[in-house]
Amino acid sequence: MEIVIPSAANLGLFVVAAVVLLVVPGPAVLYIVARSMAQGRKAGLVSDIGIHSATLVHVMAAALGLSALLASSAVAFSVVKYAGAAYLIWIGLKKIFGRDEEDADIGAGMKARSYGRLFRDGFVVNLLNPKTALFFLAFLPQFIEVERGHVAMQIAFLGLVFTLLGFISDGCYALAAGALGERLRQSRAYLRFERYVSGVLFIGLGVSAAFAGNNRK
């Protein structure tokens with residue numbers, strides 16, 4: 001079977017966008033950092049593996065669902081794409097105007113758990129997180145080139161790239177948690193920084209996707 005992936009230009013844009021989004025830590029990173037502080041770096045890495053194993057499930061669901069949508073209606077696919085752009089903007093606005101305290105206590109009072117339990121917890125939490133599913137439904141279609149065909153394959157490829165980048169970046173945070181974790185989790189200055197920077201990034205991505213539309217090259 002022919003392997004179809006987005007063009008080099010689109011793939012480059014995707015990688016840049018993904019890396020920028022991943023560099024600014026969110027709740028998953030704070031959870032991994034907290035686990036590393038509570039039980040050591042290995043515990044953080046196991047949690048990282050659990051979280052991103054569930055991410056793969058969301059990626060496959062997005063690939064199958066969006067591919068089926070395109071097969072039934074190109075217009076419907078475009079509607080989902082623009083709705084996704086609007087959702088990304090909404091995420092950004094919510095981040096900017098949200099409360100500093102929302103993520104401040106992530107990981108507080110964590111009890112020691114077996115590595116198997118850590119993997120399961122990370123997997124289940126991310127698998128049952130509707131925000132993760134919505135994010136992929138909103139983010140991945142912005143970089144798909146419908147004219148190249150095999151939409152499901154393109155989405156799956158981009159999702160795998162994003163998952164790999166996320167696993168690596170989150171793993172780096174797990175390894176560095178001993179030195180920086182407590183500051184990141186308790187610093188209000190950091191929480192404000194993360195909120196505004198990630199908010200602006202999401203809004204910028206959504207606006208760019210909305211204006212680029214299906215003519216993105």
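**Core and aromatic rings**

Modeller: The model is predicted.

Biologist: Which residues have the most contacts inside the largest nonpolar core?

Modeller: In soluble globular proteins, nonpolar side chains tend to be buried together. Here the largest nonpolar core has 25 residues, and those with the most contacts inside it are F14, F135, F136, F139, L140, I155 and F162. At least two core residues come from each of α1 (8-23), α3 (41-72), α4 (74-97), α6 (130-139) and α7 (151-186). With six residues, α7 gives the most to this core.

Biologist: How many aromatic pairs does a search of the whole structure find, and why is the pair of F14 and F139 tilted?

Modeller: A pair of aromatic rings is described by the distance of the centres and the angle of the planes. The search finds nine aromatic pairs. For F14 and F139, the ring centres are 5.4 Å apart and the planes lie at 35°, so the pair is tilted. Because F14 belongs to helix α1 and F139 to helix α6, the pair ties together parts that are 125 residues apart in sequence.

Biologist: Are F14 and F139 buried or exposed?

Modeller: F14 is buried, at a relative accessible area of 0%, and F139 is buried with 0% relative accessibility. F139 also forms an edge-to-face pair with F143, at 5.3 Å centre to centre and 65° between the planes. F143 is buried, with a relative accessible area of 2%.

Biologist: Which residues form one aromatic cluster?

Modeller: The cluster consists of F14, F135, F136, F139, F143 and F162.

How values were computed
Residues are numbered from 1 along each chain as its sequence is written. This is a predicted model: local features need pLDDT of at least 70, side-chain atom pairs count only at pLDDT 80 or more; totals for chains, interfaces and linings use all residues. Side-chain values use heavy atoms; hydrogens and water are left out. A nonpolar core is a set of buried Ala, Val, Leu, Ile, Met, Phe, Trp, Tyr and Cys residues joined through side-chain atoms within 4.5 Å. Buried means under 20% relative accessible area, exposed over 50%, partly exposed in between (1.4 Å probe, protein chains only). Helices (H or I, at least four residues) and strands (E, at least two) are DSSP runs, numbered from the N terminus. Rings of Phe, Tyr and Trp (its six-membered ring) pair if their centres lie within 6.5 Å; planes under 30 degrees apart count as stacked, over 60 as edge-to-face and the rest as tilted.
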